[in-house]
Amino acid sequence: MLDHELRRDEGLLVIRPRGPLQAHDFTALATVVDPYIEAHGMLRGIMLEASSFPGWDSFAALASHLRFVRDHHRLVLKIAAVSDSPVVSIAPQLASHFVKAEIRHFPLKDRDAALAWLRE
């Protein structure tokens, strides 16, 4: 499950996984994000806040996630990965090869610093 909050006034999307990711999570996310991007051209940033990496509940969920990234990565300026998880902390280095957005990792205790960076 993927909780999300679009902060329209700031152009920021906050994402919080609450269990293994499901294919419909990304369809629901696109339903919220796509109209905003159509109206504003892009998102200023995405903050992924996760205490641990939840994984995917199926191959369909992984495929849906990859399609969402493919369709949106050029429309996001920055991504902040906020987590103490070793898996999430290395994700920015891996993702930087496939994603246009600037990506940084922040420990959970630095959540406010991550938001400040996204707002810059």
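These are my notebook entries on a predicted model of one protein chain.

**Entry 1: confidence**

I began with the confidence values, and the mean pLDDT of the chain came out at 90, with 90% of its residues at 70 or more. Going through the elements, I found the lowest confidence in helix 3 (residues 86-95), where the mean is 62, and the highest in helix 4, where it is 97. Where pLDDT is low, the predicted coordinates should not be read in detail, and I keep that in mind for helix 3, with its mean of 62.

**Entry 2: fold and overall dimensions**

I then looked up the secondary structure, which comes to four helices and five strands, and wrote down their order along the sequence as β-β-α-β-α-β-α-β-α. The C-alpha trace spans about 35 × 30 × 25 Å along its principal axes.

How much of the chain is buried? I found that 43% of the 120 residues count as buried. The chain exposes about 6,700 Å², of which carbon and sulfur atoms supply 59%. Turning to contacts between residues at least 6 apart in sequence, I noted that 72% of them join residues at least 24 apart.

**Entry 3: aromatic pairs**

A search of the whole structure gave me three aromatic pairs, and I wrote up two of them, starting with Phe53 and Trp56, whose ring centres are 5.1 Å apart and whose planes stand at 75 degrees, an edge-to-face arrangement. Because buried requires a relative accessible area under 20%, Phe53, at 37%, is listed as partly exposed, and Trp56, at 34%, likewise counts as partly exposed.

The other pair I followed is that of Phe106 and Trp117, with centres 5.9 Å apart and planes at 50 degrees, so the pair is tilted. Since Phe106 lies in strand 5 (residues 102-106) and Trp117 in helix 4 (residues 111-119), this pair ties together parts that are 11 residues apart in sequence. Both Phe106 and Trp117 are buried. I also checked what lies over the face of Trp117, and found Lys78 there, at 4.7 Å from the ring centre.

**Entry 4: Arg7**

Is Arg7 buried or exposed? I found Arg7 in strand 1 (residues 2-7), and with a relative accessible area of 17% Arg7 is buried. Setting aside neighbours within four places in sequence, I listed its contacts as Leu12, Val14, Arg111, Leu115 and Arg119; as Arg111, Leu115 and Arg119 fall within residues 111-119, those three belong to the range of helix 4.

**Entry 5: two loop residues**

His73 sits in the loop between helix 2 (59-72) and strand 4 (76-82), and its relative accessible area of 13% makes His73 buried. I looked up the C-alpha distance from His73 to Ala101 and found 6.4 Å, for a pair that is 28 residues apart in sequence.

Ser85 is in the loop between strand 4 and helix 3, and at 7% relative accessibility Ser85 counts as buried.

Note on methods
Residues are numbered from 1 along each chain as its sequence is written. This is a predicted model: local features need pLDDT of at least 70, side-chain atom pairs count only at pLDDT 80 or more; totals for chains, interfaces and linings use all residues. Side-chain values use heavy atoms; hydrogens and water are left out. Rings of Phe, Tyr and Trp (its six-membered ring) pair if their centres lie within 6.5 Å; planes under 30 degrees apart count as stacked, over 60 as edge-to-face and the rest as tilted. Buried means under 20% relative accessible area, exposed over 50%, partly exposed in between (1.4 Å probe, protein chains only). A charge sits over a ring if NZ of Lys or CZ of Arg is within 6 Å of the ring centre and within 35 degrees of the ring normal. pLDDT is the predictor's confidence in each residue, from 0 to 100. Contact means heavy atoms within 4.5 Å. Accessible areas come from the Shrake-Rupley method with a 1.4 Å probe; for residues, only the protein chains shown count as cover.
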